[in-house]
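Biologist: I would like to learn how to read packing in a model. Please take me through it feature by feature.

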Amino acid sequence: MSRTVRTASGIPLPQLEILLGGAGWVAGSLGFGAGGGTLVMAAGLLVTGWLFTTVRRRQGLGARLDRGLRARVLRLAVVVGVVLVVVGVGLPLIGQGWGELTVPVGAVVVGAGLCALSSLLGERSFVAVGGLLVVLGAVGALLALNTGGAAMPLGVVGLGGAVALWVAGVRRIGLVAELRERVGR
């Protein structure tokens with residue numbers, strides 16, 4: 001029984017979703033307070049570390065991007081990073097209660113960045129997970145504006161986005177198909 005395995009250089013940016021999921025998990029765990037939030041954050045960082053080492057062991061650094069494509073990907077990453085910093089600093093400065101929108105709006109920015117990255121790299125899964133992050137960000141923004149507390153949007157957007165990113169990353173590198181194959185034996 002043969003199994004199709006991608007070469008170590010076959011997938012561009014294989015750790016991207018895992019790292020973004022870890023960042024989302026950290027943001028989501030901030031809504032739980034000091035005691036429970038620390039445990040939730042530790043669990044998420046443990047999962048992120050395990051997934052990162054698994055991906056790194058299987059895929060290495062991933063497909064090498066040519067110079068022009070690498071420059072466009074880096075330019076997109078810088079733009080998304082600058083917008084995230086502006087959102088993170090600017091929304092709390094606008095007025096009382098606007099800081100609660102930081103994580104939901106950040107999820108929308110990252111989702112839009114993943115959709116743009118999809119066209120650069122030709123990875124359709126980035127569109128799906130990017131669209132899901134945009135929807136989660138919109139739901140989180142509605143929750144933030146309706147409740148007056150930051151815990152609900154942080155948990156929904158951060159933890160929900162992290163799980164979606166982790167699942168998309170694991171699927172994209174082929175771990176889901178491998179697990180399905182092992183269970184089917």
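**Reading the packing**

Modeller: Start with one side chain: Trp25 has 15% relative accessibility, so Trp25 counts as buried. Buried means under 20% relative accessible area, exposed over 50%, and partly exposed in between, with a 1.4 Å probe and protein chains only. The model is predicted, so local features need pLDDT of at least 70 and side-chain atom pairs count only at pLDDT 80 or more, while totals for chains, interfaces and linings use all residues. Residues are numbered from 1 along each chain as its sequence is written, and side-chain values use heavy atoms, with hydrogens and water left out.

Biologist: How many aromatic pairs are there?

Modeller: Rings of Phe, Tyr and Trp (its six-membered ring) pair if their centres lie within 6.5 Å; planes under 30 degrees apart count as stacked, over 60 as edge-to-face and the rest as tilted. The count here is one aromatic pair. The ring centres of Trp25 and Trp166 are 5.3 Å apart and their planes lie at 25°, so the pair is stacked. Trp25 sits in helix α1 (residues 16-29) and Trp166 in helix α6, 141 residues apart. Helices are DSSP runs (H or I, at least four residues), numbered from the N terminus.

Biologist: Is Trp166 buried or exposed?

Modeller: Trp166 counts as buried, because its relative accessibility is 8%.

Biologist: At what angle do the axes of α4 and α6 cross?

Modeller: Axes are lines fitted to C-alpha atoms, for helices over the stretch in contact, and angles run from 0 to 180 degrees between N-to-C directions. The axes of α4 (residues 102-121) and α6 (residues 151-173) cross at roughly 25° and come within 9 Å. The two helices are therefore roughly parallel (angles under 35 degrees). Val103, Pro104, Ala107 and Leu114 of α4 meet Pro153, Leu154, Val157 and Leu165 of α6; contact means heavy atoms within 4.5 Å.

Biologist: Which residues touch the most other members of the largest nonpolar core?

Modeller: A nonpolar core is a set of buried Ala, Val, Leu, Ile, Met, Phe, Trp, Tyr and Cys residues joined through side-chain atoms within 4.5 Å. In the largest, of 16 residues, they are Val73, Leu114, Leu117, Leu121 and Val129. Helix α4 gives the largest share, five residues. Beyond four places in sequence, Leu117 contacts Leu13, Leu16, Val73, Leu76 and Phe126.

Biologist: And where is Gln15?

Modeller: Gln15 lies in the segment before α1. At 9% relative accessibility, Gln15 counts as buried.

Terms used. Angles under 35 degrees count as roughly parallel, over 145 as roughly antiparallel, 65 to 115 as roughly perpendicular and the rest as oblique.
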